[in-house]
Amino acid sequence: MNRFRSLVALFHCLCLLMLCTGAAFAVDLSRQNTVLTKMPHCSITGLQTNQYAADRPVIIFFPGSRECFSAYNTLSFIKSLEIFSDLDVDVLFITLPKANLWFRLWEKADQDLCDFLKDKYEAAQFPVIIDATSFGGYGGCFLTDLLRENGIPVQELNLADACNSNCVYSDWVRDIALAGTKVNIWGTDSEFNISKNTCKVIEELEGTENVSSMVLDCYHGRALYTAIHEHGLHSDLPKASENE
């Protein structure tokens, strides 16, 4: 009996040790691990494994026009391009109700997301990072301002070929950077108007404090993938265990 109790005590100690010093695990992007929260103006998809814990980064992803009306399409995009495949972080992404493609749809959706995060952030002040691609650029910029106004600073805003000419201007991005958010702009040499405008914004912001930028030699839809896998974006974030 004493031996059994000793074994149980040892097991509990090992479990505690694993919790304190355990290995980091890669983001589980399986559909079984997703949690869909329907809000008045959007759907927020998170993961059951999200912790919303102090010092654990939360990455909020804004999809482009091909994915923004479907959580399934957004999840497939993230998985196929292995955007967060080796990170140990929390992930959220936001999708819109089906409608005409209009950038201002992001505004009410962002308010929903801000409301969703408030209580969680009050409980544990985690770092917030926003990754926005293409059409999602306006949503990412708008949310950065909105969260800051509500006491939730955004550590980093990544605009991956996401500076649309009718809504994301260099003056706005400059203001975001000067307010304390690190802004990374990744343009491409694609022929799309949004790609050309992103390159224009990069030019106009050259030398601006707290802004870094690069024009990538890749297709528009692979801007974020290329920034992550070839140019070190997110390289400072917690990584999954090598022996996982």
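I looked up Asn 100 first. It counts as exposed, because its relative accessibility is 70%. My cut-offs on relative accessible area are over 50% for exposed, under 20% for buried and partly exposed in between, with a 1.4 Å probe and protein chains only.

I noted the setting next. This is a predicted model: local features need pLDDT of at least 70, side-chain atom pairs count only at pLDDT 80 or more, and totals for chains, interfaces and linings use all residues. Residues are numbered from 1 along each chain as its sequence is written, and side-chain values use heavy atoms, with hydrogens and water left out.

I placed Asn 100 in the loop between β4 (90-95) and α3 (105-123). Helices here are DSSP runs of H or I with at least four residues, strands are runs of E with at least two, and both are numbered from the N terminus. I then listed contacts (heavy atoms within 4.5 Å). Neighbours within four places in sequence aside, Asn 100 contacts Phe 69 and Leu 105.

I turned to Ser 43. This residue sits in strand β2, residues 42-47. Ser 43 counts as buried, because its relative accessibility is 16%. Leaving out residues up to four places away in sequence, Ser 43 touches Leu 36, Thr 37, Lys 38, Phe 93, Ile 94 and Thr 95.

Last, I checked the whole chain. I found seven helices and eight strands. Of its 244 residues, 50% count as buried. Among contacts with a separation of 6 or more, 78% join residues 24 or more positions apart. The chain exposes about 12,500 Å², with 52% supplied by carbon and sulfur atoms. I took accessible areas by the Shrake-Rupley method with a 1.4 Å probe; for residues, only the protein chains shown count as cover.
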